[in-house]
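Here is a friendly tour of one protein chain, taken a topic at a time. Keep the structure open beside you and look up each residue as we come to it.

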Amino acid sequence: KARSVIKDVARAMGVPANEAQKIASLIPQKGPGQMYTIPEALEIEPKLKALVESEPTVQELIKQARTLEGLTRHAGMHAAGVVISEGPLWDHVPCFKNGEQLVTQYHKDDVELAGLVKFDFLGLKTLTVIQIAVSLINARPDRGEGNPFDVSAIPMDDRDTFSLLQSGETTGVFQLESSGMQELFKGLRPDAFEDIVAAVALYRPGPLGTGMVKDFVDCKHGRQPIKKMHPLVDDILVPTYGVIVYQEQVMQIAQRLAGYTLGGADLLRRAMGKKKPEEMAKQKATFVTGAEKLGVATDKAEEIFSLLEYFAGYGFNKSHSAAYALITYQTAYLKAHYPVEFLCALMTADRDKIDKVVRIIAEGRAWGVEILPPEVNESKIDFTVVYGAPPGGKANGASNGKSLARRSTRIKDPLLPKIRFGLGAIRGAGESALQAVLEARSSGPFLDLFDFAQRVDPRRVNKGVFEALVQSGAFDASLLARGIPRSRAFAAIDRALERSRSATKDRESGQMGLFAMVAPSASRLDEYPPAEDWDLREALNREKQSLGFYVSGHPLDRYGTERIRDIEGASSLATMDPWSKVQVAGMVEGYRERIFKGGGGKIAFFTLEDTSGRVEVKVRQNQIETYAHVLTSGEPIVVSGKVSFPMTDDSEEADAAPREPTLLLDEARFLADVIKQDTKAIAIRLHERKARPDQLGKLGEVLRGSPGGCPVQLVIQLESGSEAVLSLRGVRVEPNDGMLARLEKLFGEKVAELR
């Protein structure tokens, strides 16, 4: 295609990549998935024509590109296409090896002309997600053995499922994660399964570009009259409100209106799809003749044939669409009725894809689901659901997670389910190490770090696994209750490993230590070396280092970023119009600079992560030096920029998936500086148990160490439930990151409220 060939030729000629991109971007787009050719672009785009006439290098580039345009760029392999032949494949078609795969060198259409049979076998990970969710649902405490959940037996008119589909809150629902599909369903407001089938068929570049989708939605809701075609066939179009959506409808109309056999109607459908003039002329004559025999006027028959010819180019196979729509409905049903089990299944299926897990965690928290860190005595390999109340019993917990967003009231499960991270999500913990942990745990729960070390095999569970388990919070349940923070446990790892090697040596020599003859007990506190507590930021960073994402909190939490004017969540950018100006606060991940060959300059990329998800950010050359110190600081930042949906080579294809947004950076600032400008006062909230004289004295030291202009209030939460508010006269501070970190280290929780 035009843009691709220009960039490829430019690379061969040594033209800098940024210049090649500028030239390629001058090729206009006809519509969704359609690109003008280079000759057409030279006619309609004066900037391209002027560049060719004024720049000899560009003139040569375009000359060579025109020669190559339209040729096969590379040997591709269909991901699901399987060819079956009688006898060795190479006796029928030329072949080549792609790794271990034997692949035909013919295009898919030529393969069929050569007499071979081609099948498409589509493997959907969503089927695995459904299977995992069903197994989790059947393991719920309130489901008896004689009442298994069967996803194939769910009602197809479930009100809650359609309410979910209409809301657009369909993250994780098959096919409905893109912003375009969510907007379509919000406008369509489906209330029957047939609507889902039609929406799946319509949401493609062709129908979207013709206005068919708008006609369908408007006709469904009575904003536009349903068009009638002919009394003989009007009932065929009732399910799709007078719009020809499916290939099967084209075949049915030809059969009923023009007397075609179903086999003949299928040949008509194929001919219309291929748009061969001579074949279409024959089919039109056959169609009109057959319609006349059934009493249809000639001019009406010709009009209907033209309509069929137009819609056949965009029609979709209904059986394919219905099968996909069924999976869409099933996943929507699971999310509507068993959201925790469904989200847990998604996390298990995508545990090796950090971006997706981050998005699912954000979705879970938005629904009010508590996400628990891995726990060495509770976690399995995969993510699991834990319940806070037995059937008919009282809840063993205060609430069903912390409500962080708009939909927390959606979950009204008396079992108070939470999602527990699996040990398999811990980085650096391979299958052998995890199996060793589970084998050792089978004899009883681990009492603490040293008991764990004595029972696992140090040849399979090395120091890296110990560090990852401690930093991820996997030992918190057994250690924090005894007052041992993660920092002290981390400092004790070398000592624990010595104990592990010694215990293994004793076991292998057949010796048994004196204390192994009695019931095991937790180690003494003094066996954990003293160590300075990690503040919240360090604890979270180490947690992310072990897991790849934040679980117990987020560095943005201490600021209350909802107070920043015009702030957007990373996950919301996909629903915005291209070139919208936004501000996003988050943490920088994976900052990298790329230098172009041939003196083309450089560009930088990074991922910005907030509590809702992630977005890729692009930094132009002239901004790198200006903002590099901000972007590489490791501190929370605010990025101002424009939303872009990049056009890539793949997106020129007709069936390309919706593009993920990119944020083009205009400015980057430290979040602390932005907050400082907006903060007018600070309130420090303490429970009366922590408002002891010694603690208040330390609080005073922290406040005096950060002088500034913001007044401070001390809010004491009393045991009675009321509050005492004290204005600290003469105390004015600067709400910087260091002060907030010292407060968190002092009181062990988020106590500063920036107002």
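The chain has an average pLDDT of 85, and 91% of the residues score at least 70.

**Salt bridges within a helix**

- Both partners of our opening pair, Asp 218 and Lys 214, sit in helix H12 (residues 212-220), where four residues, about one turn of the helix, lie between their positions.
- Are the two partners buried or exposed? Asp 218 counts as buried because its relative accessibility is 9%, under the 20% limit, whereas Lys 214 counts as exposed because its 55% is over the 50% limit.
- A second pair is Arg 542 and Glu 538, whose side chains meet in a salt bridge at 3.1 Å, N to O.
- Arg 542 and Glu 538 are also four residues apart, in helix H26 (residues 536-547), so about one helical turn separates them.
- Glu 538 is partly exposed, with a relative accessible area of 30%.

**A salt bridge across the chain**

- Asp 350 belongs to the loop between helix H18 (339-349) and helix H19 (354-366).
- The side chain of Asp 350 meets that of Lys 125 in a salt bridge, at 2.2 Å from N to O.
- This pair links distant parts of the chain, since Asp 350 is in the loop between H18 and H19 while Lys 125 is in helix H7 (residues 125-138), 225 residues apart.
- Asp 350 is buried, with a relative accessible area of 6%, and Lys 125 is partly exposed at 33%.
- Which residues does Asp 350 touch, leaving aside its neighbours within four places in sequence? Asp 350 is in contact with Lys 125, Lys 356, Val 357 and Ile 360.
- Asp 350 and Ala 425 make another pair to look up: they are 75 residues apart in sequence, and their C-alpha atoms are 9.9 Å apart in space.

- How many salt bridges does a search of the whole structure find? The search finds 37.
- Some charged residues join up in a network of salt bridges, made of Arg 140, Asp 142, Glu 341 and Asp 413.

**Nonpolar cores**

- The largest nonpolar core has 127 residues, and those with the most contacts inside it are Ile 253, Phe 287, Phe 421, Phe 452 and Phe 466.
- Another core, of 26 residues, lies apart from the largest one, and its members include Val 674, Val 702, Val 712 and Val 751.
- To see what surrounds Phe 421, leave aside its neighbours within four places in sequence: its contacts include Met 347, Ile 361, Ile 371, Leu 372, Phe 383, Leu 547, Phe 549 and Val 551.
- Pro 373, Pro 374 and Ser 379 are also among the contacts of Phe 421.

- Phe 119 has its place in strand E6 and is partly exposed, with a relative accessible area of 37%.

**Positive phi angles**

- Gln 175 is not a glycine, yet its phi is positive, about 75 degrees.
- You will find Gln 175 in the loop between helix H8 (159-167) and helix H9 (179-188), where it is partly exposed at 27% relative accessible area.
- Arg 189, another residue other than glycine, has a positive phi near 50 degrees.
- Arg 189 lies in the loop between H9 and helix H10 (193-202) and is partly exposed, with a relative accessible area of 39%.

**Where to read with care**

- Over residues 394-409 pLDDT stays under 50, and the model has 31 contacts beyond four places in sequence for this stretch.
- Residues 648-658 also keep a pLDDT under 50, and the model has 21 such contacts for them.
- Where pLDDT is low, the predicted coordinates should not be read in detail.

Conventions:
Residues numbered from 1 in each chain as written. Predicted model: local features only at pLDDT ≥ 70, side-chain atom pairs only at ≥ 80, totals over all residues. Heavy atoms only, no water. Helix = DSSP H or I, 4+ residues; strand = E, 2+ residues; numbered from the N terminus. Contact = heavy atoms within 4.5 Å. Core = buried A, V, L, I, M, F, W, Y, C linked by side-chain atoms within 4.5 Å. Buried < 20%, exposed > 50% of the residue type's maximum accessible area, 1.4 Å probe, protein only. pLDDT = per-residue confidence, 0-100. Salt bridge = Lys/Arg side-chain N within 4 Å of Asp/Glu carboxyl O.
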